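Today I am opening a new notebook page.

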Amino acid sequence: MSRPIVTMAERRRTRQIRIGGVPIGGDAPVSVQSMTTTKTADVEGTLVQIYALAAAGADIVRCTCNEEEAAEGLAHIVPRSPVPIVADIHFHHEMALAALEAGVQGLRLNPGNLRKEAEIKQVAAEARDRSVPVRIGVNAGSLHPDLYRRFGGATPEALVESARMELALFEEVGFDDVKISVKASSVPLMIAAYRLASETFDHPLHLGVTEAGPPPAGLVKATAGIATLLAEGIGDTIRFSLTADPVEEARAGRQLLEALGLRERKGLDLIACPSCGRAEIDVIGVAAAAQAALEERNLPLQVAVMGCVVNGPGEAREADLGIAAGRHRGHLFIKGKIVRVVPEAEMVAALVDEAERLVAEGVEARLAAADAGAEAEAEADRRSLFEAKGADANRTGERIEGIRRKVRGDGEDGDSPAGVR
Ligand code: SF4
């Protein structure tokens with residue numbers, strides 16, 4: 001067993017709240033949130049999406065509550081949802097009251113567009129009486145105009161001040177069952193705002209880069225912001241705000257937490273070599289086929305697809321399972337140990353078959369069931385490939401020699417000295 005590598009700062013301790021059965025903050029695992037794109041009044045359509053989001057890794061789902069029909073939809077959705085539901089409120093405080101009446105487990109209020117103190121306090125008092133937590137969801141794009149003027153723009157200080165002012169109103173009615181977000185579409189602004197929020201509040205923080213846009217750029221931006229903060233120990237719950245099917249958001253959130261070692265692996269982690277001159281197969285094609293087949297089965301494994309048998313099994317020895325190609329055959333390995341050699345055409349099928357057995361029977365049992373002679377057969381393939389291609393499969397040495405000849409002015413281009421052409 002390899003020792004875990006510690007690369008993350010210790011998580012900053014926040015107070016804990018609960019959205020339904022999901023704890024947020026304190027020592028709770030970082031949770032994943034996403035938001036439905038259906039009309040909330042469409043109960044069946046919204047529930048289908050909520051189930052898909054939960055299956056992709058969402059712990060909590062947010063639905064808009066922008067009209068009476070949406071609130072009525074929530075009354076039907078909440079009891080049938082597999083995960084807690086948060087109602088997203090903008091502009092209309094009566095929609096927050098209606099969502100509470102519908103039984104939601106959380107509210108999100110935007111201080112930038114729900115501004116009347118009496119209304120804010122009314123919602124906070126109602127949430128207090130029903131023990132429903134509220135997210136103070138500040139957004140750089142909809143910052144209160146007074147704060148915009150006072151701070152000369154949507155600065156980190158302005159975003160945090162907006163949250164502080166809202167929190168002060170809540171506290172006037174004895175309510176602080178709160179989490180806070182200070183989102184921006186600019187990654188540097190968002191990072192600075194959350195760092196400041198983390199120093200200012202001990203409430204849990206919900207991280208996100210708002211309006212990150214469509215993938216892949218949206219994924220990169222959201223990951224850059226959220227992962228940077230998580231690595232600093234900041235953040236208790238996250239959302240990827242992508243212009244895409246929300247299932248992609250939930251999946252990305254979950255995958256990020258798994259990649260950072262903040263959540264246990266629930267699904268597949270496919271690693272594949274980038275391919276090079278040694279590759280014996282179409283690595284991209286085989287990796288894509290393996291990913292599709294393994295994802296369908298949702299097996300919680302790290303699986304490697306490597307382009308050649310010379311370096312592949314060694315480079316991917318930490319993977320639970322992998323396959324490397326060589327001499328029209330695939331070397332199937334578990335934790336770096338060769339267990340079977342299969343024809344190239346059967347590589348993906350053999351990988352999937354072994355993955356299912358590995359999950360069902362465990363590593364020790366599958367290593368014990370390794371084909372006798374597989375290791376020796378694989379070693380023979382490795383040797384013959386190494387001899388055929390040598391240590392310089394990418395012809396780097398040959399190319400360097402060519403460069404030197406050019407610089408010296410040797411060879412067929414003539415004999416003129418370097419630097420005079
Ligand atoms: S050496 Fe082999 S495993 Fe490594 S990148 Fe090249 S083909 Fe892939």
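I looked up an open sheet and found 5 strands with mixed pairing, in the order β11-β12-β13-β14-β15. Strands here are DSSP runs of E, at least two residues long, and helices are runs of H or I of at least four, numbered from the N terminus; two strands pair if DSSP finds at least two bridges between them. The edges are β11 (269–272) and β15 (337–343), each pairing on one side only. Neighbouring strands are turned by 20 degrees against each other on average, direction ignored.

I noted that this is a predicted model, in which local features need pLDDT of at least 70 and side-chain atom pairs pLDDT 80 or more, while totals for chains, interfaces and linings use all residues. Residues are numbered from 1 along each chain as its sequence is written.

Next I checked β11 against β12 (residues 302–306): they pair in the parallel sense over 4 bridges. Asp269 stands opposite Gln302 in β12.

Then I turned to the helices. α3 (residues 93–102) and α4 (residues 117–130) pack at about 10 degrees, with axes 9 Å apart (lines fitted to C-alpha atoms over the stretch in contact, angles running from 0 to 180 degrees between N-to-C directions). They are therefore roughly parallel, a label for angles under 35 degrees.

Last, I listed the residues around the ligand, including Cys273, Cys276, Cys308 and Glu315; near means a C-beta atom, placed from the backbone, within 6 Å.

Key
Parallel < 35°, antiparallel > 145°, perpendicular 65-115°, else oblique.
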